Amino acid sequence: MLAKWSRATRHLWRLGAESNLKFSTDLRVCPHRCYAKVAAAVAPNIGHLEKGILGGHVVQLDKLFLSKPFSLALATDSPLRMDEPQYEGIKRLFLKLMMFYSKQSKHIRGANVIYRRIVSQVEKPAIYDVFNLEKTFKTTFSLLVLHTWLCLRRLKEEGKEGVERGQYLYEIYNHDVELRVSKAGVNLLLTRWMKDLEKIFYGNIVAYDSAMLPEAGQDELQNVIWRNIYSEDGSPLPNDAAALRAVQAMARYTRREVSCLSLTDKEAIFSGNFMFTPLETGKPSSKVGR
């Protein structure tokens, strides 16, 4: 199974790199899969270590993501907010009749904004510079899975309503990946490729969840991150100082984002009015509410 997934993903990574494609901003919902049905699997992934340079300066990985977690909610006056439109009178009545204010419509709009936040963080050059990653189809996909898991984990904390919104978020994620694979030139075997990527997604989130359990080993999260994002064949983390620093930094980043998202209120999470920790400066954004 590992060999099969490795061949499948390597083919996609190569196509994505050659096409230099970006994730689509045309996000729609195709409800046919359920992220709650998780099958345990391990995802072999590839990574490449580069110079840790950001803005012309060497990144001090050992000093990143050690500060106290805080809420990621955007301030009420932030220009980055995407609030629900407020209509009155006949327009509101018409939209109500058109199911604009239905539970499903609200879930779809909220999940779309959440997913835009995910893609925004994953497509920033800084995330590749900070964590010593080459931007390829593989690394972008792997980081997308990681950040989608972060949001699904936070949504689950809100119970049934959060799980429902998480389902729509997963469908939007899945549709976006499907568009990217299709644009990379995989059309005749698209269903097969998507099934393989779906297994990789499930395997990754199972591994992340397990690594965050209280009884998990101290190094389990960094080992999972190595296998899911950096490793070419699922091999153990090598005895390499540069690789170890990068993986440990991403593990700290992941744990810190989990804590920050837990401190972010329900309204901000459900509406998507939050921003992941900025990586350009390594400091909290002034546009983020505390």
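## Ground rules

The model is predicted, so local features need pLDDT of at least 70 and side-chain atom pairs count only at pLDDT 80 or more, while totals for chains, interfaces and linings use all residues. Residues are numbered from 1 along each chain as its sequence is written, and side-chain values use heavy atoms, with hydrogens and water left out.

## Overall layout

The protein chain holds ten helices and two strands. Both kinds of element are DSSP runs numbered from the N terminus: helices are H or I with at least four residues, and strands are E with at least two. Read from the N terminus, the order is α-β-β-α-α-α-α-α-α-α-α-α.

The chain has 290 residues, and 50% of them count as buried. Buried means under 20% relative accessible area, exposed means over 50%, and partly exposed lies in between (1.4 Å probe, protein chains only).

## The largest pocket

Rolling a probe the size of a water molecule over the atoms shows where empty space is left. The search uses a 1 Å grid over the protein atoms alone. A pocket is an open set of points with protein on both sides within 12 Å along at least five of seven lines. A cavity is a set of points where a 1.4 Å probe fits but cannot get out. Lining residues have an atom within 4 Å of a point. Grid points are joined across faces, edges and corners, and a volume is the space filled by probe spheres set on the points.

The largest pocket has a volume of about 360 Å³. It is lined by 17 residues, of which Glu84, Lys106, Arg109, Gly110 and Ser271 are the closest to its centre. Helix 3 (103–122), helix 6 (160–183) and helix 10 (266–271) each supply at least two lining residues. Helix 3 gives the most, with six. By class, the lining has four nonpolar, four polar and nine charged residues. Here Ala, Val, Leu, Ile, Met, Phe, Trp, Tyr, Cys and Pro count as nonpolar, Asp, Glu, Lys and Arg as charged, and the others, Gly among them, as polar.

## The cavity

One cavity of 30 Å³ or more turns up in the whole structure. The largest cavity holds about 30 Å³ of space. Its lining is Leu150, Arg153, Arg154, Glu157, Val258, Leu261 and Ser262. Helix 5 (137–156) and helix 9 (241–263) are the elements that give two or more residues to this lining. Three of the lining residues are nonpolar, one is polar and three are charged.

## Salt bridges

The whole structure has seven salt bridges. Each is a side-chain nitrogen of Lys or Arg within 4 Å of a carboxyl oxygen of Asp or Glu. One of them pairs glutamate 84 with arginine 109, with the closest N and O atoms 2.8 Å apart. This pair links distant parts of the chain, 25 residues apart: glutamate 84 sits in the loop between strand 2 (57–58) and helix 2, and arginine 109 in helix 3. Glutamate 84 is partly exposed, at 36% relative accessible area.

Arginine 153 pairs with aspartate 209, the closest N and O atoms being 3.8 Å apart. Here helix 5 is linked to helix 7 (residues 190–211), across 56 residues. Both partners are partly exposed: arginine 153 at 26% and aspartate 209 at 30%. Arginine 154 bridges to glutamate 157, with the closest N and O atoms 3.6 Å apart. Arginine 154 is buried, at 4%, whereas glutamate 157 is partly exposed, at 43%. Arg154, Glu157 and Glu158 are linked in a network of salt bridges.

## A surface patch

Ile90, Leu93 and Leu97 make a nonpolar surface patch of about 360 Å². Patches are made of residues with over 30% relative accessible area and no salt bridge; like charges are joined within 9 Å, and nonpolar side chains (Val, Leu, Ile, Met, Phe, Trp, Tyr) within 5 Å. Accessible areas come from the Shrake-Rupley method with a 1.4 Å probe, and for residues only the protein chains shown count as cover. Isoleucine 90 belongs to helix 2 (residues 89–97). It is exposed, with a relative accessible area of 69%.

## Far in sequence

Leucine 64 lies in the loop between strand 2 and helix 2 and is buried, at 17%. Its C-alpha atom is 6.7 Å from that of alanine 249, which is 185 residues away along the chain.
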